[in-house]
Amino acid sequence: MENNIFSKNLSGKGMKFALIMSRFNEQVTKGLERGARKALEEAGVAEKDIVAYYVPGAFEIPLVAAVVAERQAADAVICLGVVIRGETPHFEYISRAVSSGIMELNLRAHMPVLFGVLTTDTLEQADARSGQGKDNKGYEVANAAVEMVTLMKNLNSQP
């Protein structure tokens with residue numbers, strides 16, 4: 001049996017979403033937030049059903065995401081941030097820690113926790129992925145969140 005629920009017109013009506021966002025590189029993360037909110041609005045998610053949590057940097061995202069997931073305060077958690085490569089290995093450590101933390105949380109929480117943390121070489125690359133339009137990664141991740149909540153509800157309703 002195939003269960004392909006993908007549709008460009010999925011409804012997020014009645015769904016609750018948490019946005020966990022890094023304040024570091026705020027010009028980029030604010031763009032990601034705008035994109036995510038736009039996608040959720042287009043999917044019919046009510047403003048009251050979107051709760052935002054701001055953390056200092058990308059490293060702190062998994063902790064707050066875990067608390068939100070464990071409290072089942074949302075149907076999905078959308079993690080948004082950016083890590084830009086510098087001249088030290090710090091980029092690799094932070095990128096690996098954040099991606100591993102979010103992936104582990106997905107498995108442990110049994111709910112969608114989406115990875116919208118940009119890992120780029122330059123600020124210009126990050127700006128390009130957080131600007132206006134459908135190429136905004138926040139927009140893409142929020143659409144994936146609606147799709148995943150729909151899929152999880154379908155899976156949980158099956159015997």
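Predicted model: local features only at pLDDT ≥ 70, side-chain atom pairs only at ≥ 80, totals over all residues.
Residues are numbered from 1 along each chain as its sequence is written, and side-chain values use heavy atoms, with hydrogens and water left out.

Me: Why is Asp135 called exposed?
Reply: Buried means under 20% relative accessible area, exposed over 50%, and partly exposed in between, with a 1.4 Å probe and protein chains only. Asp135 has 58% relative accessibility, and therefore counts as exposed.

Me: Where does Asp135 lie?
Reply: Asp135 belongs to the loop between α4 (123-129) and α5 (137-157). Helices (H or I, at least four residues) and strands (E, at least two) are DSSP runs, numbered from the N terminus.

Me: With which residues is Asp135 in contact, leaving aside its neighbours within four places in sequence?
Reply: Contact means heavy atoms within 4.5 Å. With those neighbours set aside, Asp135 is in contact with Arg129 and Glu140.

Me: What makes Lys30 and Glu33 a salt bridge?
Reply: A salt bridge is a side-chain nitrogen of Lys or Arg within 4 Å of a carboxyl oxygen of Asp or Glu. The closest N and O atoms of Lys30 and Glu33 are 3.6 Å apart, so the pair qualifies. Both residues lie in helix α1, 3 residues apart, about one turn of the helix. Lys30, Glu33, Arg37 and Glu47 are linked in a network of salt bridges, and the count by this rule comes to 10 salt bridges.

Me: Is Glu33 buried or exposed, and how do you know?
Reply: Glu33 has 7% relative accessibility, so Glu33 counts as buried. Lys30, at 31%, is partly exposed.

Me: Why are Lys38 and Glu42 separated by about one helical turn?
Reply: The two residues are 4 residues apart in helix α1, which means a separation of about one helical turn. Lys38 is partly exposed at 44%, and Glu42 is partly exposed at 44%.

Me: Which terms describe the exposure of Lys48 and Asp49?
Reply: Lys48, at 67% relative accessibility, counts as exposed, whereas Asp49, at 6%, counts as buried. The side chains of Lys48 and Asp49 meet in a salt bridge (3.3 Å, N to O).
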